[in-house]
Amino acid sequence: MSVSTTLAPDDEYLLTRETPVQRRRVRAAWLFLTPMLLCLALVAAWPLLRTFWFSLTDASLADTGDASFVGLSNYLFHSGAGWSGILVDPQWWNAVRNTLHFTVVSVGLEIVLGLLVALLLNVKFTGRALVRALILIPWAIPTIVSAKIWSWMLNDQFGIINHMMLSLGLIDAPLAWTADADLSMWAVIIVDVWKTVPFVTLLMLAALQMLPSDCYEAARVDGIHPVKVFWRVTLPLLMPALLVAAIFRILDSLRVFDVIYVLTSNSSSTMSMSVYARQHLVEFQDVGYGSAASTLLFLVVAVIAMAYLYLGRRQLEVRS
Amino acid sequence: MSPRLLKKTLLRLGFWCLIGILLVYAVFPFYYAIVTSLKPSSALFQVSYWIDNPDFSNYAAVLNQASFLRAIGNSLVVALCVVTLALFLSLTAAYALGRVKFRGRGPVLMMVLGVSMFPQVAVLSGLFEVIRALGLYNTSWALILSYTIFTLPFTVWVLTTFMGQLPHELEEAAIMDGASPWVTLTRVLLPLLWPALVTTGLLAFIAAWNEFLFALTFTLTDSQRTVPVAIALISGGSPHELPWGLLMAASVLVTVPLVILVLIFQRRIVSGLTAGALKG
Amino acid sequence: MKQLKSLLPTALLGLCLGFPALSTAANLTISCGAVGAELQLCKEAVEAWSKQTGNNVEVVSTPNSATERLSFYQQILSAQSSDIDIIQIDMVWPGMLAKHLLDLREVLPANATQGYFQAQVDNATVNGRLVTMPWFTDSGLLYYRKDLLEKYNQPVPQTWEEMTTTARAVQQAERDAGNANAWGYVFQGRAYEGLTCNALEWISSQPQGGLVNAQGDIVVNSQASRAALTLAKSWVGDIAPRGVLNYTEEEGRGVFQSGNALFMRNWPYVWALVQSQDSAVKDKVGVAPLPRGGATGTHASTLGGWGLAVSRYSANAKLAAELVSYLSSAQQQKHRALVGAYNPVIESLYQDPELLAAMPYYNQLHSILNDGVMRPASITADRYPRVSNAFFDQVHGVLAGERPVDQALAELESELTRIKRRNW
């Protein structure tokens with residue numbers, strides 16, 4: 001999906017004057033939209049509004065019917081003892097930091113690695129189709145399963161990763177991958193990168209195949225070094241696809257939950273915003289507070305997504 | 001050997017090394033899951049790289065449970081229905097959003113995307129109430145309907161992009177001939193969209209197949225449970241024991257169909273996504 | 001082919017419309033046991049009862065993880081749904097779920113809980129209402145390697161300090177003898193409920209140690225806790241691998257059962273597994289009460305366990321209560337102990353010759369259970385998850401070396417005070 005086409009459609013060709021044909025088309029458009037909107041309204045409207053409403057109450061999971069309105073005090077509240085609420089909860093800000101850290105590093109790595117792998121697989125060689133198919137496996141495995149496989153492999157005593165690194169002499173004592181505060185975020189990132197690189201690779205491969213070959217011909221005739229060709233020609237042409245891949249990854253990374261929950265549970269060194277929200281919502285039974293956290297999460301994601309789409313559109317316009 | 005030939009050979013060697021590393025990196029965890037699933041429970045806590053004496057008891061145990069097979073069946077039905085429903089709804093929507101310029105188009109697109117910005121756990125209890133109010137609790141319909149909450153935004157966006165990039169001459173010709181929008185969509189545009197439909201359908205299928213939280217909450221009895229829940233419900237003889245062998249066997253059994261699916265549709269995905277991703 | 005393609009969507013739609021139909025309703029629905037053997041036992045018992053009484057009962061399986069199971073139940077109960085009549089609940093939940101549960105005293109005979117461990121009955125009683133029928137219990141045990149203690153001529157440790165010295169000495173000796181993976185002690189150190197159980201044992205075994213007392217006072221910032229946590233912190237990276245900070249029951253068992261640990265804190269379920277045919281330590285394992293905290297301390301085991309409760313929204317509450325009393329009868333408890341090693345909550349069963357013959361450690365278990373400590377779940381009611389979370393978070397921080405013991409205890413105290421506000 002393309003950022004620019006979706007937000008600023010290239011539809012000048014459509015009739016823009018108010019004609020009967022155009023009016024009929026608009027009517028038909030709304031008619032065509034209705035089933036989808038109805039379905040979304042049916043399943044999403046109530047839960048979302050309810051989350052927003054509960055964020056303003058003191059509802060508890062044990063009995064949500066018994067909630068009373070408390071205004072914004074789940075977010076921020078001043079009592080005699082001082083400020084309280086999510087916005088002054090160091091745990092929440094820790095979760096925000098962790099999530100942003102996770103998103104920046106893992107999306108960054110995924111994009112770079114995905115691109116490299118795509119460049120590698122763009123070279124013609126025997127068995128290319130099979131290799132291309134095999135690298136998709138990580139993407140097809142359910143997250144809940146792959147996180148479990150990894151937590152087994154990363155186990156400090158009988159995990160195969162430590163075993164390998166020990167026998168290769170890379171480390172001299174087993175590492176406590178998921179327990180050590182310094183390592184656990186990296187463990188989470190490794191697993192997430194492993195899982196989603198294929199997705200990026202796929203998009204990049206597609207993009208590479210679409211590159212106009214005449215640019216390359218010209219570059220080769222001029223005797224330009226391949227590395228320079230990559231920076232000057234290939235990368236700029238790949239930019240739109242890269243941006244598209246990145247928005248998907250950013251949205252998902254900001255809401256990351258299962259990988260972290262299965263690998264490291266509620267440990268504060270890896271707690272993401274979603275894990276924080278779940279902890280309050282489910283484990284602490286505090287539907288009001290948890291809903292407020294979810295609403296804040298939504299706002300953070302929305303702001304970042306809008307900023308990204310806006311910047312991405314500018315970028316794409318400049319390119320074309 | 002001339003220096004040039006040497007350089008070429010070294011380059012080739014390096015290239016194949018890279019391919020090898022890549023393959024190991026991508027496939028090794030899955031391979032290791034297979035190795036683990038073929039070990040008897042006592043050998044679990046020892047590291048081994050190869051399959052020697054494969055022990056199929058874990059697979060037999062998983063497949064012997066009627067509820068597991070039932071769960072696979074349920075998952076298939078749910079995922080197929082979700083795909084059908086999501087594709088139908090987003091196809092019509094994508095026609096409107098991708099081919100027609102009208103006021104409110106941008107907000108509709110943003111709203112659709114916004115639905116998928118909430119953490120899943122937050123919408124859970126609200127959705128639970130909706131499901132109960134509709135009387136769908138503990139039926140496959142509960143899952144089919146609730147899965148649209150995360151498949152629809154995705155399918156709508158992707159199909160809208162594809163739709164917007166189809167050459168407009170085709171549609172203009174159809175309009176000249178006096179074809180209604182429905183006929184234009186189904187007769188003229190749809191045939192061109194097959195690659196896109198396959199791509200998004202596959203992605204929606206994987207998402208529905210792998211979903212856990214909704215499936216756990218909206219179904220109650222074994223006869224309605226889906227695969228991820230069935231895996232989560234596999235457990236050892238006692239509350240704290242984790243039967244790794246069984247878990248891995250079940251995971252492999254569940255993943256293999258997906259891998260085969262991906263292999264079959266691989267070409268389609270690449271060509272399908274290409275059309276949309278690039279012309280931006 | 002073309003025709004097939006156009007038929008496909010129609011066929012799929014037809015399938016979708018036709019397939020999902022409601023399943024047939026049963027008289028009763030019970031959720032008991034998540035796991036293999038447990039579920040099997042429950043199913044058999046339920047079948048026997050339905051044959052006897054002619055009622056149709058459906059057994060529903062639930063997730064293994066206690067947190068997931070709790071939120072699953074809460075979802076159903078807070079919707080006031082009659083979909084489940086009987087649920088199996090953890091002994092830390094009664095305070096949280098009480099208002100959705102039936103007072104069993106209203107429907108069962110007055111002597112229904114006669115002969116039960118008093119602590120269990122007290123824990124199941126909220127505001128004078130018996131909301132849960134205790135069913136089976138669990139307690140922390142010290143597993144040790146008989147062969148290694150004999151080899152190095154060491155006694156079974158009576159205090160945590162002794163345990164530490166013995167573990168260190170044997171670990172060193174074993175490593176010198178060539179087992180580089182030898183460890184002294186493994187426990188549940190991940191930041192989760194299991195760490196609450198472990199840490200509660202450490203501090204409760206010290207003189208005057210505790211977290212929240214029966215009156216609801218926060219007593220955790222004490223000399224006892226300081227001593228206990230300082231000692232526990234010294235284990236990590238010394239006699240316990242650093243990875244213990246992310247261990248649950250199973251990771252610890254993995255280390256112990258593959259012969260790489262001298263001591264392990266774990267639940268009774270481990271007994272059958274470490275004694276199984278293919279275990280590397282079969283017949284080399286002993287079970288003892290957890291050590292005392294210093295010479296003047298006491299043995300303290302955190303009690304776990306599960307009970308059966310009837311939903312207030314059940315359409316057949318009376319019938320459901322009858323099934324509960326059948327399942328928790330002495331005869332059933334004994335059967336479950338024999339077949340599945342589920343420890344009964346009826347005291348007299350610990351003198352039962354048949355059970356003693358099958359499980360020699362039952363003699364000790366009785367006193368361990370009598371010395372057991374309950375997590376402060378009844379008194380803190382629906383705040384318990386927060387209390388437990390704050391507790392294991394701070395303890396985890398101490399073990400990981402992120403903060404000093406004094407600071408952690410002070411922070412914990414003020415956090416608990418904040419959670420408590422005026423009253424629990």
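Predicted model: local features only at pLDDT ≥ 70, side-chain atom pairs only at ≥ 80, totals over all residues.
1. The contact of chain A with chain B takes 81 residues from chain A and 77 residues from chain B. On the side of chain A that touches chain B, helix 2 of chain A gives the most, with 18 residues. Sorted by class, that side of chain A has 59 nonpolar residues, together with 14 polar and 8 charged ones.

2. The crossing of helix 2 of chain A and helix 3 of chain B is left-handed.

3. The residues that make this helix contact can be followed on the structure: helix 2 of chain A contributes A29(A), F32(A), L33(A), P35(A), M36(A) and C39(A), while helix 3 of chain B contributes L89(B), S90(B), T92(B), A93(B), Y95(B) and A96(B). By class, the contact of helix 2 of chain A with helix 3 of chain B has 10 nonpolar and 2 polar residues, and no charged residues.

4. In chain C, 4 strands form an open sheet with mixed pairing, and the order of the strands is 8-9-7-10. Its edges are strand 8 (183–186) and strand 10 (285–288) of chain C, each of which pairs on one side only. Neighbouring strands of this sheet are turned against each other by 15 degrees on average, with direction ignored.

5. Strand 8 of chain C pairs with strand 9 of chain C, residues 261–266, in the parallel sense over 3 bridges, and the bridge partner of W183(C) in strand 9 of chain C is A261(C). Helix 11 of chain C, residues 249–257, packs on the sheet and touches strand 7 (141–145), strand 8 and strand 9 of chain C, and the direction of this helix makes about 155 degrees with that of strand 9 of chain C.

6. Chain B is divided into domain 1, spanning 3–43, and domain 2, spanning 62–278. The contact of these domains takes 6 residues from domain 1 of chain B and 6 residues from domain 2 of chain B. On the side of domain 1 of chain B that touches domain 2 of chain B, there are 2 nonpolar, 3 polar and 1 charged residues by class.

Technical notes: Residues numbered from 1 in each chain as written. Chains lettered and ligands numbered in written order. Left-handed = near helix turned anticlockwise from the far one by under 90°. Helix = DSSP H or I, 4+ residues; strand = E, 2+ residues; numbered from the N terminus. Contact = placed C-beta atoms within 7 Å. Nonpolar A, V, L, I, M, F, W, Y, C, P; charged D, E, K, R; others polar. Pairing = 2+ DSSP bridges. Axes fitted to C-alpha atoms, helices over the stretch in contact; angles between N-to-C directions. Domains from an automatic or database assignment.
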